[in-house]
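Biologist: Could you walk me through one part of this model in detail? I would like to look closely at the ligand site and what lies around it.

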Amino acid sequence: MSNQTLNDNKNPSKIKRGEMISISSAKGGVGKTMLAVNLAVALSKRNKKICILDADFQFGDVSLAMDIQATFSIKDIIEGIDRIDLDALISSLNLHDSGVHVLSAPDRPEYADLVTTSVLEKILDLLLGYFDYVIVDTEVGLQEKSLFLIDKTDTLLIVTNLEMTTLKNTKLMIETLDVLGFRDKVQVIVNRSDMESVIQATDVPGILNETSPIYIPNDFQTTSQSINIGVPFVSNRARTDIAKAIYKMAEQVTSRREIAVFEPPKPSLLQRLLRKTKDKEGQA
Ligand SMILES: Nc1ncnc2c1ncn2[C@@H]1O[C@H](COP(=O)(O)OP(=O)(O)O)[C@@H](O)[C@H]1O
Ligand SMILES: [Mg+2]
């Protein structure tokens, strides 16, 4: 069931809001962009309206990974941001053959600073009011803008591989997100999980204190060919194990929020306090 249907059932007057899924990592080169573009195309096959926000504002390469000749980028809408409406924003997106829309990163790193958190706030509000899913490919680590996006996101995919340094930094990142109160949004993705390594995939739950990571297999040939020709492999190599793993991941990450929506409301602090007082009175 789509989020829209869920929302409509609960409250018909409620304004639709799509789901935001962000992809982050503590190290570069772990597969964020590979996951972002393939997840987006996998979700678009379910007739969902999907947009990718390339939030690696200095070195974003979503357009490259999808072979999009980016006519517009986020830089082009900054000047008129106070007046922009949904139609104007949509006309600034680049459309991929799969139906996925992309808001591309600026074409030069020096423009990254022009993208402020207030620009992002405006853009996300418009995008989430129209698309079913907004997939955000963030820059590495925890900076002002990535923290802003993490705060806004519904689901945060943290990508790691089996390398010692990546795992060490991923652990630190998750601990920091825990302190900030964002732990519940986190879903760990272990990419290249069956690659030859001293650390095994089965060691990861213990190292990261994460009970159920999602594992994506190692497949150099499929991923590198996909990047080189700019075709996400879930489209043209759907029978590979890695594509199947992405489809399964798409299923898992989108069902997270649907389950959350159906969770019975937790009692308020006051209700819990009243209950405790009543229990005590009962014992007396
Ligand atoms: N599961 C995988 N198996 C083999 N190679 C992979 C896998 N995932 C990503 N790669 C390769 O790793 C490199 C970095 O991936 P990319 O998505 O650009 O990382 P990031 O966006 O985190 O910097 C790319 O060359 C990609 O082909
Ligand atoms: Mg990238």
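Which element gives the largest share of the shell around ligand 1, and how many residues come from there?

Modeller: Happy to, and please keep in mind that this is a predicted model. The largest share of that shell comes from α10, with 4 residues. Helix α10 covers residues 220–229, and α2, at 32–44, is also a contributor; each of these helices supplies at least two residues of the shell. In total, 18 residues surround ligand 1, and the closest are Gly31, Lys32, Thr33, Met34 and Thr223. Sorted by class, the shell has 9 polar, 6 nonpolar and 3 charged residues.

From here we can follow α2 to the sheet. The sheet is open and has 8 strands with mixed pairing, in the order β3-β4-β2-β5-β1-β6-β7-β8. At its edges stand β3 (94–95) and β8 (214–216); each has a single partner strand, so one side of each is left without a neighbour in the sheet. Helix α2 packs on this sheet, where it touches β1, β2 (50–55), β5, β6 (155–160) and β7 (186–191), and its direction makes about 170° with that of β5.

Strand β5 (residues 133–138) runs parallel to β1 (residues 19–25), and 5 bridges join the two. Glu19 stands opposite Tyr133 of β5. Another helix, α7, packs on the sheet as well, touching β1, β2, β5 and β6; its direction makes about 140° with that of β1.

Helix α7 (residues 144–152) also has a helix partner, α6 (residues 117–130): their axes come within 10 Å and cross at roughly 30°. The two helices are therefore roughly parallel to each other. In this pair, α6 passes α7 in a right-handed crossing. On the α6 side the contact is made by Thr117, Leu120 and Leu124, while α7 brings Glu144, Lys145, Phe148, Leu149 and Lys152. By class, this contact has 4 nonpolar, 1 polar and 3 charged residues.

Key:
Residues are numbered from 1 along each chain as its sequence is written. Chains are lettered from A and ligands numbered from 1 in the order in which they are written. This is a predicted model: local features need pLDDT of at least 70, side-chain atom pairs count only at pLDDT 80 or more; totals for chains, interfaces and linings use all residues. Axes are lines fitted to C-alpha atoms, for helices over the stretch in contact, and angles run from 0 to 180 degrees between N-to-C directions. Angles under 35 degrees count as roughly parallel, over 145 as roughly antiparallel, 65 to 115 as roughly perpendicular and the rest as oblique. A crossing is left-handed if the near helix is turned anticlockwise from the far one by less than a right angle, and right-handed if clockwise. Two residues are in contact if their C-beta atoms, placed from the backbone, lie within 7 Å. Ala, Val, Leu, Ile, Met, Phe, Trp, Tyr, Cys and Pro count as nonpolar, Asp, Glu, Lys and Arg as charged, and the others, Gly among them, as polar. A residue is near a molecule or strand if its C-beta atom, placed from the backbone, lies within 6 Å of it. Two strands pair if DSSP finds at least two bridges between them.
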